[in-house]
Amino acid sequence: MSTADMVTRQAPERPAPPPKGKKRPPMLLEVIRREVITEHMIRIVLGGEALEGFPAHRGGGHIKVFLPLEHQAAPVLPQLTETGVVWPAAEEKPITRTYSVRHFDTEQRALVVDFVAHGDEGPASRWALAAQPGDMIGISGPGGPDPLLPPADWSLIAGDMTALPAISALLENMSDQARGVVLIEVDNEADHQPLRHPSGVDVHWLYRGDTPSRLSTLQIDAVRAMTFPESGSISAWVGGENSAVLSLREHLMETRGLTKSQLYAVPYWRHCWDEERYHQERHRIMDELK
């Protein structure tokens, strides 16, 4: 079943979206459907009037997710004002995490977000595992460059489980003539998902097993051993755990000679760091590529 087929309910009508050039305010959305993709991946389909005018073709784009606190049925969202973002008081401030647009169905007005499920260790995983139709969640975005993958004759895409939703979306948006290599690092074969991709793009699943993510070198080893095309343009997209992303970025720029305009590398998380602690570090790393 495709992501476009997953929505069975259409949201009501909505006034016009924000004027062009202005940021979209955070949206309060409702869970329409929850689906288990694999043991470690939960798909949530969201709907709501606020999705009117949500940009199409931004699969893989970054979104902020606002989770309700334990005493709340719905999160209290920050407000977008002329002078900036105004957050609720500390006792009402939502838990905020960064995710990717897996798919947006413009006809059904439904936003698909895939959550990595790792038990009750994190608030987003805990929420996704328990989510039911009618539950409320906040979303803002999408953000990130457009396009996420710079156009080229040949492309490299690499990432771990947290990057899989974005990778899946990138592959689905590629032209039929696209060429390249995709590396996806996961725990084991149970995390394997069928992916739709052009015939000229080779997809390789790398199984980490019991090796901790911070110690795994599967992705960088594979890229170092790879033969890149000798002619034509090259681009790369890299996402996932901090150490893997930085290793790949360094190799691609210093050894393979890719420039900032050819590469988009985004560290989604860092081992043993929560989102609040890692937020500023991520922005520092991303600023180095600007």
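Helix 4 (residues 242-255) of this predicted model comprises 14 residues and spans 19 Å from its first C-alpha to its last, close to the 20 Å expected at 1.5 Å a residue; the expected span is 1.5 Å times one less than the number of residues. Helices (H or I, at least four residues) and strands (E, at least two) are DSSP runs numbered from the N terminus. Local features need pLDDT of at least 70 and side-chain atom pairs count only at pLDDT 80 or more, whereas totals for chains, interfaces and linings use all residues. Residues are numbered from 1 along each chain as its sequence is written, and side-chain values use heavy atoms, with hydrogens and water left out.

In helix 4, the residues Asn242, Ala244, Val245, Leu248, Arg249, His251 and Leu252 are buried, where buried means under 20% relative accessible area, exposed over 50% and partly exposed in between, with a 1.4 Å probe and protein chains only. An α-helix has 3.6 residues a turn, so residues three or four places apart point the same way. Just after helix 4, Gly257 adopts a positive phi of about 80°. Glu241 belongs to strand 13 (residues 234-241), and Glu241 counts as buried because its relative accessibility is 4%. The side chains of Glu241 and Ser243 are joined by a polar contact of 2.3 Å. Such a contact is a pair of N or O atoms within 3.5 Å; within protein, one must be able to donate a hydrogen and the other to accept it, and residues adjacent in sequence count only if both atoms are side-chain atoms.

The chain contains 5 helices and 14 strands, and 49% of its 290 residues are buried. Of the contacts (heavy atoms within 4.5 Å) between residues at least 6 apart in sequence, 68% join residues at least 24 apart.

Strand 3 and strand 9 run antiparallel and are joined by 4 bridges, with His62 opposite Gly143 in strand 9.

The largest nonpolar core holds 25 residues, and those with the most contacts inside it include Leu29, Ile44 and Trp127. A nonpolar core is a set of buried Ala, Val, Leu, Ile, Met, Phe, Trp, Tyr and Cys residues joined through side-chain atoms within 4.5 Å. Elements that each supply at least two residues of this core include strand 1 (27-38), strand 8 (110-116) and helix 1 (123-130). A second, separate core of 24 residues includes Met161, Ala166, Ile184 and Val201.

Ala166 is one of the buried residues of helix 2. Since 8 of the 10 residues of helix 2 (residues 164-173) are buried, this helix is largely enclosed by the rest of the structure. Strand 11 (residues 180-186) is likewise largely enclosed, because 7 of its 7 residues are buried. Gly180, Val182, Ile184 and Val186 on one side of strand 11, and Val181, Leu183 and Glu185 on the other, are all buried, so that both faces are covered. Strand 10 (residues 154-160) pairs with strand 11 in the parallel sense over 6 bridges, and Ile157 stands opposite Val182 in strand 11.

Notes:
Two strands pair if DSSP finds at least two bridges between them.
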